[in-house]
Amino acid sequence: MVFAIQNSDNRKVIQKVKTCWVVNLGLVPYDWACNLQRKLVQARKAGAIPDVVVLCEHPHVITLGRNGQREHLHASDHLLAQMNVEFRLSDRGGDITYHGPGQIVGYPILDLTQHKRDVRWYVEQLEEVMIQATANFGLDARRVEGQHGVWLDSHVPRAEEKLGALGVHLSRWVTSHGFAYNVSTGLRYFDLIVPCGIAGKRATSLERALGTQVSAGEAEGHLITHFGEIFERDMISLSPNDLQNALDDFQCSGLAALPGRDHVPAGAAKGSAA
């Protein structure tokens with residue numbers, strides 16, 4: 001983003017400041033969040049907004065990525081309806097995952113041409129954000145070779161449990177979708193799927209690992225702090241209304257009518273996974 005500041009001679013100097021907006025939407029439907037991401041990606045490509053991280057929670061929903069296999073869904077349509085769980089196809093990379101209350105979902109809309117044009121590097125940075133945020137709670141989260149996401153050791157040897165999942169999409173180096181971090185998530189819902197398509201692995205949460213209640217606000221604060229450090233951005237909190245106003249201004253400018261760029265899901269081979 002570009003700002004005009006006054007120097008010692010009282011002259012205006014244009015100075016580029018690396019910023020990232022942070023918007024907390026609270027509990028919002030998955031489809032609504034996907035539609036918002038499409039608008040944000042378009043605005044980011046046009047340079048109408050800086051990098052943005054959208055944080056939210058979703059009502060119960062299971063999503064299947066472009067690399068996913070439908071047989072990894074173990075529940076019938078009838079059971080999903082009974083449990084009030086929606087099922088959605090997604091254009092992100094990765095396999096199948098669950099979103100629900102108590103889980104912090106982060107959707108970074110970043111222009112990687114301003115960072116590093118490397119999908120694997122980007123996914124590793126998102127993992128690092130979750131690893132460092134988890135360390136603030138005294139837990140040693142880590143990567144597992146050959147498996148994306150963030151893991152905690154369980155009481156059973158070689159049976160790591162997944163704390164955070166990843167699934168990203170790139171459209172000419174502008175990112176969407178992102179990460180899901182389990183704080184107080186209802187883990188029984190993961191029994192409806194093969195989490196991230198990895199048989200024999202279980203999901204866990206901060207509350208389960210710690211054996212005590214965890215504030216979602218505290219977890220969000222750690223995620224935001226480490227996101228800013230790792231991606232070298234000043235994190236600026238923005239209200240949902242202010243974000244909508246910025247998008248409205250962009251739509252009114254006429255730039256939104258420009259032809260879009262190609263959309264490419266970042267598959268597991270390129271470094272993303274559920």
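This is a conversation about how to read some features of a predicted model.

Visitor: Let's begin with the inside. Which residues of the largest nonpolar core touch the most other members?

Guide: The general idea is that in soluble globular proteins, nonpolar side chains tend to be buried together. In this model the largest nonpolar core has 35 residues, and Y181, L206 and F231 touch the most other members.

Visitor: Which strands and helices supply at least two residues of this core?

Guide: There are strand 3 (19-27), strand 4 (51-57), strand 10 (147-152), strand 11 (161-171) and strand 12 (174-182), along with helix 3 (119-135) and helix 5 (216-231). Helix 3 gives the most, with nine residues.

Visitor: What does Y181 touch?

Guide: Leaving out residues up to four places away in sequence, Y181 touches G102, Q103, I104, M130, A133, T134, L163, G164, L206, A219 and L223. A second, separate core has 25 residues, including L25, V28, V61 and Y107.

Visitor: Now the rings. How many aromatic pairs does the structure hold?

Guide: It holds five. As a rule, a pair of aromatic rings is described by the distance of the centres and the angle of the planes. Take W121 and F231: their centres are 5.9 Å apart and their planes stand at 85°, so the pair counts as edge-to-face, which calls for over 60 degrees.

Visitor: Where in the chain do W121 and F231 sit?

Guide: W121 is in helix 3 and F231 is in helix 5, 110 residues apart, and the pair links these distant parts of the chain. Both residues are buried. Ring pairs also join W121, Y122, F227 and F231 into a cluster.

Visitor: And which residue lies over the face of Y189?

Guide: That's R188, at 4.6 Å from the ring centre.

Visitor: Back to helix 5 for a moment. Is H226 buried or exposed?

Guide: H226, which is found in helix 5, has a relative accessible area of 11%, so it is buried. Setting aside neighbours within four places in sequence, H226 is in contact with V129, Q132, A133 and N136.

Visitor: How about V214: buried or exposed?

Guide: V214 counts as buried, because its relative accessibility is 11%. You'll find V214 in the loop between helix 4 (206-210) and helix 5. Beyond its neighbours within four places in sequence, V214 is in contact with F137, V183, L206 and E207. V214 and F137 are 77 residues apart in sequence, and their C-alpha atoms are 9.3 Å apart in space.

Visitor: How many bridges join strand 5 to strand 6?

Guide: Four, and the two strands run parallel, with strand 5 covering residues 61-64. For one of the partners, look at T63: its bridge partner in strand 6 is R88.

Visitor: What about strand 10? How many of its residues are buried?

Guide: Five of its six, so strand 10 is mostly covered. Strand 9 (residues 142-144) is joined to strand 10 by two bridges, and these strands run antiparallel. There V144 stands opposite Q147. The hairpin of strand 9 and strand 10 has two residues between the strands, and G146 takes a positive phi near 80° in this hairpin.

Visitor: How does strand 10 pair with strand 11?

Guide: They pair in the antiparallel sense over three bridges. V150 stands opposite G164 in strand 11.

Visitor: Where are R172 and W173 found?

Guide: R172 is in the loop between strand 11 and strand 12, and W173 lies in that loop too. R172 is partly exposed, with a relative accessible area of 44%. W173, at 27% relative accessibility, also counts as partly exposed.

Definitions and conventions
Residues are numbered from 1 along each chain as its sequence is written. This is a predicted model: local features need pLDDT of at least 70, side-chain atom pairs count only at pLDDT 80 or more; totals for chains, interfaces and linings use all residues. Side-chain values use heavy atoms; hydrogens and water are left out. A nonpolar core is a set of buried Ala, Val, Leu, Ile, Met, Phe, Trp, Tyr and Cys residues joined through side-chain atoms within 4.5 Å. Buried means under 20% relative accessible area, exposed over 50%, partly exposed in between (1.4 Å probe, protein chains only). Contact means heavy atoms within 4.5 Å. Two strands pair if DSSP finds at least two bridges between them. Rings of Phe, Tyr and Trp (its six-membered ring) pair if their centres lie within 6.5 Å; planes under 30 degrees apart count as stacked, over 60 as edge-to-face and the rest as tilted. A charge sits over a ring if NZ of Lys or CZ of Arg is within 6 Å of the ring centre and within 35 degrees of the ring normal.
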